[in-house]
Amino acid sequence: MVKTAMIVVDVQRDFCAGGALAAWDTPSLLAPLQECIDVARRSGVTIIFTQDWHPANHNSFQTNGGKWPIHCLENTPGAELMPPLCAAAGDIVIHKGTAVDGEGYSGFDSTGLEARLRELRFGRVSVAGIATEYCVRATALDANRAGLETILLTDLIRPVVETAAPKVLTELGRAGVQLMPSPRWLLLLKK
Ligand SMILES: [Zn+2]
């Protein structure tokens, strides 16, 4: 079997309902995502959690001339994984956007993730999480560019703007990312 990882992008308190930069309809994401993670772990998939992890002077913040409200400050509750999600032994946790500069949208941007996946001989990744048109998009495109077979779990992603998803799915599909609902992906793991 091709060694497989599941990248769970930025499912953090600040990006969920009630947070500083909440995406659309996150409450409906958490239970099915956790269930998928559980089944994937039991099937031998390595879970990779990415977390936006910014210093207070990050250039993406409006207070520093950027686009976004202050969110996911390093070592604060807003940057924590949103319960019930929780990293377990054997999972990989990636902090991104840790420097002052750069958007830090992709889990592969200055994090060493590509080298790590290559070293551990992963051939395939699935991608889920928040937000579809920013960090999920960038992470899936980079995984695909890195030569990994990349599967976007279409039911386990949430955009900032509700209507943003179709355009992103089209773009990712054209780039070579496979689009698939998570139940189908989990079935494929068993083959
Ligand atoms: Zn950010």
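This presentation walks through the helices of one structure, and then a few single residues and peptide bonds.

Let me begin with the basis of the work. The model is a predicted one, in which local features need pLDDT of at least 70 and side-chain atom pairs count only at pLDDT 80 or more, while totals for chains, interfaces and linings use all residues. Residues are numbered from 1 along each chain as its sequence is written. Helices (H or I, at least four residues) and strands (E, at least two) are DSSP runs, numbered from the N terminus.

I turn to helix H1. This helix covers residues 27–42, and its 16 residues should span 22 Å at 1.5 Å a residue; the end C-alpha atoms are 24 Å apart, which agrees. The expected span is 1.5 Å times one less than the number of residues.

Which residues of H1 are buried? They are Leu-29, Leu-33, Cys-36, Ile-37 and Ala-40. Here, buried means that 20 or more other C-beta atoms lie within 10 Å of the residue's own; exposed means 12 or fewer, and partly exposed lies in between, with C-beta atoms placed from the backbone. Seen down the axis of H1, the buried residues fall within an arc of 105 degrees, so they line one face of the helix. That arc is taken from the directions between the helix axis and the C-beta atoms. On the face of H1 turned away from the buried side, we find the exposed residues Pro-27, Ala-31 and Arg-42.

What do the buried residues of H1 pack against? Their partners are strands E1 (4–9), E2 (46–52), E4 (124–130) and E5 (149–158), together with helix H5 (182–189). Two residues are in contact if their C-beta atoms, placed from the backbone, lie within 7 Å. After H1 comes Gly-44, whose phi is positive, near 90 degrees.

The pairing of H1 with H5 deserves a description of its own. In general, two packed helices are described by the angle between their axes and the distance between the axes. For H1 and H5, the axes come within 10 Å and cross at roughly 10 degrees. The axes are lines fitted to C-alpha atoms, for helices over the stretch in contact, with angles from 0 to 180 degrees between N-to-C directions. H1 and H5 are therefore roughly parallel to each other. Angles under 35 degrees count as roughly parallel, over 145 as roughly antiparallel, 65 to 115 as roughly perpendicular and the rest as oblique. H1 contributes Cys-36, Val-39 and Ala-40 to the contact, and H5 contributes Ser-182, Leu-186 and Leu-189. These residues divide into five nonpolar, one polar and no charged. In this scheme Ala, Val, Leu, Ile, Met, Phe, Trp, Tyr, Cys and Pro are nonpolar, Asp, Glu, Lys and Arg are charged, and the others, Gly among them, are polar.

The next pair is H3 and H4. Helix H3 (residues 132–145) and helix H4 (residues 165–175) have axes that come within 11 Å and cross at roughly 5 degrees. H3 and H4 are therefore roughly parallel to each other. On the H3 side the contact is made by Thr-132, Glu-133, Arg-137, Ala-140, Leu-141 and Asn-144, and on the H4 side by Ala-165, Val-168, Leu-172 and Ala-175. This contact comprises six nonpolar, two polar and two charged residues.

How many residues of H3 are buried? The count is 11 of the 14, so H3 is largely enclosed by the rest of the structure. Among them are Tyr-134, Val-136 and Asp-142. The buried residues of H3 pack against E1, E2, E4, E5 and H4. Just after H3, Gly-147 takes a positive phi of about 90 degrees.

Within strand E4 lies Val-125. This residue counts as buried, with 26 C-beta neighbours inside 10 Å. Setting aside residues up to four places away in sequence, Val-125 touches Thr-4, Ala-5, Ile-7, Ala-143, Leu-148 and Thr-150.

I close with the loops. In the loop between E2 and strand E3 (92–96) sits Pro-84, and the peptide bond from Pro-83 to Pro-84 is cis, with omega near 10 degrees. Cys-72 also has its place in the loop between E2 and E3. Its phi is near 50 degrees, a positive value in a residue other than glycine. Is Cys-72 buried or exposed? Cys-72 is buried, with 27 other C-beta atoms within 10 Å.
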